[in-house]
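Hi everyone, thanks for coming. Please have the sequence and the model open, and follow along as I talk.

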Amino acid sequence: MYVPSAHDTGKKFWSLALMRSVKFSERKFPSQVFLYADTAKVSFFSTSPELSNKQRFEFFLRTVPSDKNQVHAMVEIVKLLGWTYVSIVYEESNYGIKAFNELEEQLRNQNICIAVKEKLTKDSGLGTDDSYNTIVQNLLTKQRARGVIVFGSDQEVAGVMRAVRRQNATGHFTWIGSDGWSARALVSEGNEPQVEGTLSVQPRAHPVAGFDRYFRSLTPDNNHRNPWFIEFWEHFFRLVHADVISPRDDELPSFARVAPVP
């Protein structure tokens, strides 16, 4: 991206920044790749608490809060409900394991006991019906612990909810769900009775006034500062920009000089 010079000399310099979204299990990947490079990383999806370590990830920035904040919100919900005995189901990934470690510490500090700890196999293709059934059966062994914190992704948690139905445990549990699944249609569709009453934790988000209008106004002709914009524009609209079409279309208005992508 182009960055104006710190000194008003009219000179320009360029700064490279990596902006990307990653899956939960890969939330540290961009910073690991550029760990030893003075390259800015900006993420709207990476929530691992480890990334807050500025000694290791000096150039990492994010627009979402750490999962440590999400865990704190969950513990506050548990306290508000007056629970002193809860179970935890967490995903076997950096996302789930780091959150589980944080949950253990914060619950212990509040004198809240953990009844059952169950680990979800990451990657839905590896989890079997039997493994999900076992998780639910283990949760049912502690009849007093009806509150369950679930820190996982949508595909895996959907498997848990189907197992709840198979084990005739619908309505037995009250779920506190992490942002990885609790607002996802993949979990709720077909499992409505099983997820009913879930308390969902999501990062607070506000629309930025004027952003949509600004972004929709961008065209290859007025957005020269982003060298990748034309590529995005062509892909999104399935059009070819005027710079690469035949000169015989020169009589057309600048924005109209486009042709369909074959």
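This is a predicted model: local features need pLDDT of at least 70, side-chain atom pairs count only at pLDDT 80 or more; totals for chains, interfaces and linings use all residues.

Residues are numbered from 1 along each chain as its sequence is written, and side-chain values use heavy atoms, with hydrogens and water left out.

Let's begin with the overall picture. The protein has nine helices and 12 strands; these are DSSP runs numbered from the N terminus, with helices being H or I of at least four residues and strands being E of at least two. Of its 262 residues, 37% are buried. Buried means under 20% relative accessible area, exposed means over 50%, and partly exposed is in between, with a 1.4 Å probe and protein chains only. Now contacts, meaning heavy atoms within 4.5 Å: among those between residues at least 6 apart in sequence, 55% join residues at least 24 apart.

Next, the inside. A nonpolar core here is a set of buried Ala, Val, Leu, Ile, Met, Phe, Trp, Tyr and Cys residues joined through side-chain atoms within 4.5 Å. Which members of the largest core touch the most other members? They are V136, F173 and W175, in a core of 24 residues. Strand 7 (113–120), helix 4 (129–140), strand 8 (147–151) and helix 5 (154–166) each supply at least two residues of this core, and helix 5 gives the most, with six. If you click on F173 and leave aside its neighbours within four places in sequence, you'll find V136, L139, L140, A145, R146 and V148 in contact with F173. Apart from this core lies another, of 18 residues, including V75, I88, Y95 and F151.

On to helix pairs. Two packed helices are described by the angle between their axes and the distance between the axes. The axes are lines fitted to C-alpha atoms, for helices over the stretch in contact, and angles run from 0 to 180 degrees between N-to-C directions. Helix 4 and helix 5 have axes that come within 8 Å and cross at roughly 70°. Helix 4 and helix 5 are therefore roughly perpendicular; the cut-offs are 65 to 115 degrees for that word, under 35 for roughly parallel, over 145 for roughly antiparallel, and oblique for the rest. Their contact includes V136 of helix 4 and V160 of helix 5.

Compare helix 2 (residues 67–81) and helix 3 (residues 94–109), which pack at about 45° with axes 9 Å apart. That makes helix 2 oblique to helix 3. V75 of helix 2 and Y95 of helix 3 are among the residues making this contact.

Finally, some single residues. Is S178 buried or exposed? S178 counts as buried, at 0% relative accessibility. S178 sits in the loop between strand 9 (174–177) and helix 6 (185–188), and its contacts beyond four places in sequence include Q70, Y95 and F151.

N168 has a positive phi, near 55°, and is not a glycine. You'll find N168 in the loop between helix 5 and strand 9, exposed at 71% relative accessible area. R238 also has a positive phi, about 55°, without being a glycine. R238 lies in the loop between helix 9 (229–237) and strand 11 (239–240), and counts as exposed at 56%.
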